[in-house]
Amino acid sequence: MSEPLRHPDTMSGRDPSLLRGDVIDGERYYSPEFAQREWEHLWKRIWHVAGRTAELPEPGDYIVHDFLHESVIVIRQDDGGLKAFYNSCGHRGMRLAWDASHAADGLHCPYHGWVWGRDGVLKDLPDPDDFPQGNPCGELSLVEVRCDTWGGFVWYTMDPKAPALLDYLDPMPGVYANYPLDTCVRVFWMKVNLNTNWKFATDNFSESYHTRTAHPQVPPWIDQDYWSSRHEMWPNGHGRTVQPMRPSLRDRLPEGEPHPFDALLRAWDIDPDSYPDFETKAMQGWLDLKAQKRRLWKERGYVHYEHMDDEQLTDSPHTVIFPNVTISFLPDNIIFFRTEPHPDDPSKCTFDLWCMAFPVEGQTEVESIMADVQPLAEAEFQHRAFDGGRGVPEIAGQIVYQDMLLAEGQQRGWRSQGYRDCYLAGQESRVRYFHEVLNDYLEGRR
Amino acid sequence: MTDRIPAARLERLLLAAEVPNNGNRAVRVGELCLLVCNADGQFHVVENRCSHQKSPLEGGRIRRGHLSCPLHGVRFNLSTGEPLGALTRVPIRTYPVQIIDGFVAVELRDSGARPTGG
Ligand code: FES
Ligand code: FES
Ligand SMILES: [Fe+2]
């Protein structure tokens with residue numbers, strides 16, 4: 001049995017004595033002034049995800065990431081590298097690129113026709129001799145933004161003084177080094193408009209205390225007992241809850257009801273009826289599943305298991321990357337969740353749901369986890385309004401949909417004069433930790 | 001509709017084998033500038049002119065059934081002609097395709113007039 005990696009900086013995510021106890025006031029969820037401080041002191045300084053590297057296979061391919069009123073272009077260079085630029089023409093400020101596409105010979109501005117090379121340098125323009133101050137061709141450049149990649153994701157930061165990406169993400173790159181993250185295929189790709197503040201999602205994904213109530217289908221599948229989970233948090237503000245993907249012992253399905261864990265065991269040629277009782281099946285079956293996956297991964301083409309440790313083969317480390325990205329690193333799937341604030345209304349946000357799967361040879365369809373079975377191929381982007389759930393029938397009834405259903409109600413509650421602060425369970429400590437790290441940014445301590 | 005429907009004729013544009021996978025070739029038929037596109041083995045014929053600022057679409061990259069305008073990058077759905085994104089909302093004209101004896105062929109009407117989408 002291989003042991004999971006424990007990072008030396010790991011703090012318990014269940015120990016409130018590690019917290020200052022900052023109040024989580026309601027105003028931070030709706031005040032425009034607070035949102036403006038987040039823009040100045042948080043969003044301009046952190047690393048943002050612009051997209052997947054798979055969106056940029058060839059030189060000239062570019063993606064566009066709009067964030068609040070800002071917009072950034074990331075473009076694949078002729079040498080295979082990536083560069084990022086603010087999406088504003090150096091002539092008179094026109095937005096240069098609208099959506100992901102391909103720049104054949106450069107970025108052509110639709111206003112006066114200036115042409116910026118893939119490297120950001122101005123390469124052509126009409127009437128180059130009519131500039132008394134000097135022909136700008138070859139002289140001017142688009143304003144560059146730092147970008148880098150990790151995990152098959154393209155990241156950028158607007159802060160020239162920000163730490164390097166891998167330092168910012170620390171310790172995630174080490175913790176998840178066993179996953180071939182750049183091989184997974186995004187089989188479902190949706191952005192949903194929600195009527196809640198962006199922090200709803202980070203709060204929500206920082207605890208699993210709500211799961212039994214909000215996601216009653218989950219405990220038979222992923223153990224929700226806080227004593228069998230590991231709650232971890234790190235100095236950079238990131239954190240995770242690692243839960244065994246086996247039934248919680250205190251949640252039983254009614255006798256005779258088909259059990260998702262039985263199906264999982266059978267899928268790996270383990271007979272669920274070979275165990276004397278439910279407890280043994282849950283606990284021993286889970287160990288047997290690890291051993292069986294170790295035995296069979298190669299012949300079954302589960303090449304992504306090659307370097308995984310025993311925990312990674314069967315468990316669910318639900319991971320929040322400060323401040324607004326959550327990634328579930330499941331054995332066969334990577335699920336990316338992210339919220340971003342609305343440009344003008346702090347009571348609104350967009351929620352990105354990217355369901356990715358590790359390809360297994362011979363498979364043409366995969367379980368996407370949050371959007372049922374999907375073809376094993378890169379999905380097209382879809383943008384929807386949640387509309388009380390009516391706008392997103394593809395994910396109706398799924399875990400993430402159940403979370404979205406709660407969003408608007410919590411936003412309403414935060415605005416009530418009756419809301420003063422949270423009263424948190426130990427297993428929810430990371431909720432307050434998130435706000436304390438956020439406060440550190442806003443108040444100049446980071 | 002009181003106008004007489006002009007006679008249709010089937011115009012063979014070029015051999016399908018001449019268009020590489022996810023490539024395109026421009027073809028002139030009288031006044032018409034057409035673009036024959038091969039999107040993962042599916043052939044499409046569209047007007048070779050962008051609905052945004054009239055750039056020829058020839059040479060635009062094709063990926064997953066969409067053609068990118070080489071100038072400002074608007075992506076057009078090759079089946080419907082509909083653009084993605086905010087730069088233009090105007091679709092490009094598309095022509096129903098048949099493959100005859102290995103040729104990519106489209107039905108054109110001998111009206112003498114330019115096609116409605118042009
Ligand atoms: S603003 Fe871009 S060319 Fe004038
Ligand atoms: S001319 Fe085609 S996108 Fe502008
Ligand atoms: Fe949830």
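Trp150(A) touches Trp155(A), Leu165(A), Leu166(A), Leu169(A), Met172(A), Pro173(A), Tyr176(A), Leu181(A), Ile321(A) and Phe329(A), leaving out residues up to four places away in sequence; touching, or contact, means heavy atoms within 4.5 Å. This is a predicted model, in which local features need pLDDT of at least 70 and side-chain atom pairs count only at pLDDT 80 or more, while totals for chains, interfaces and linings use all residues. Residues are numbered from 1 along each chain as its sequence is written, chains are lettered from A and ligands numbered from 1 in the order in which they are written, and side-chain values use heavy atoms, with hydrogens and water left out.

Trp150(A) belongs to strand E10 (residues 144-150) of chain A; helices (H or I, at least four residues) and strands (E, at least two) are DSSP runs, numbered from the N terminus. Trp150(A) has a relative accessible area of 10% and is therefore buried, a class that means under 20% relative accessible area, with exposed over 50% and partly exposed in between (1.4 Å probe, protein chains only). One of its contacts, Leu165(A), is 15 residues away in sequence, with a C-alpha to C-alpha distance of 8.0 Å.

Salt bridges are the next topic. A salt bridge is a side-chain nitrogen of Lys or Arg within 4 Å of a carboxyl oxygen of Asp or Glu, and 41 are counted over all chains. In chain A, Arg20(A) and Asp22(A) form one at 2.9 Å, N to O. Arg20(A) is partly exposed at 46% relative accessibility, whereas Asp22(A) is buried at 16%.

In chain B, strand E1 (residues 8-15) pairs with strand E10 (residues 103-109) in the antiparallel sense over seven bridges, pairing being assigned if DSSP finds at least two bridges between two strands. Within this pair, Ala8(B) stands opposite Arg109(B). Strand E9 (residues 97-100) of chain B also runs antiparallel to E10(B), joined by four bridges, and Ile100(B) faces Phe103(B) across them. The hairpin of E9(B) and E10(B) has two residues between the strands, and Asp101(B) takes a positive phi near 50° there.

The two chains meet where 17 residues of chain A contact 16 residues of chain B. About 1300 Å² is buried between them, 46% of it on carbon and sulfur atoms; buried area is the accessible area (1.4 Å probe) that two parts lose on being put together, summed over both. Four salt bridges cross the interface, among them that of Asp61(A) with Arg63(B) at 2.9 Å, N to O. On the side of chain A that touches chain B, the elements giving two or more residues are strand E3 (61-67) and strand E6 (101-102). The residues of that side divide into eight nonpolar, three polar and six charged, where Ala, Val, Leu, Ile, Met, Phe, Trp, Tyr, Cys and Pro count as nonpolar, Asp, Glu, Lys and Arg as charged, and the others, Gly among them, as polar.

Arg61(B) lies in the loop between strand E4 (42-47) and strand E5 (62-63) of chain B. Its relative accessible area is 12%, so Arg61(B) is buried. Beyond its neighbours within four places in sequence, Arg61(B) has contacts that include Glu58(A), Asp61(A), Ser101(A) and His102(A).
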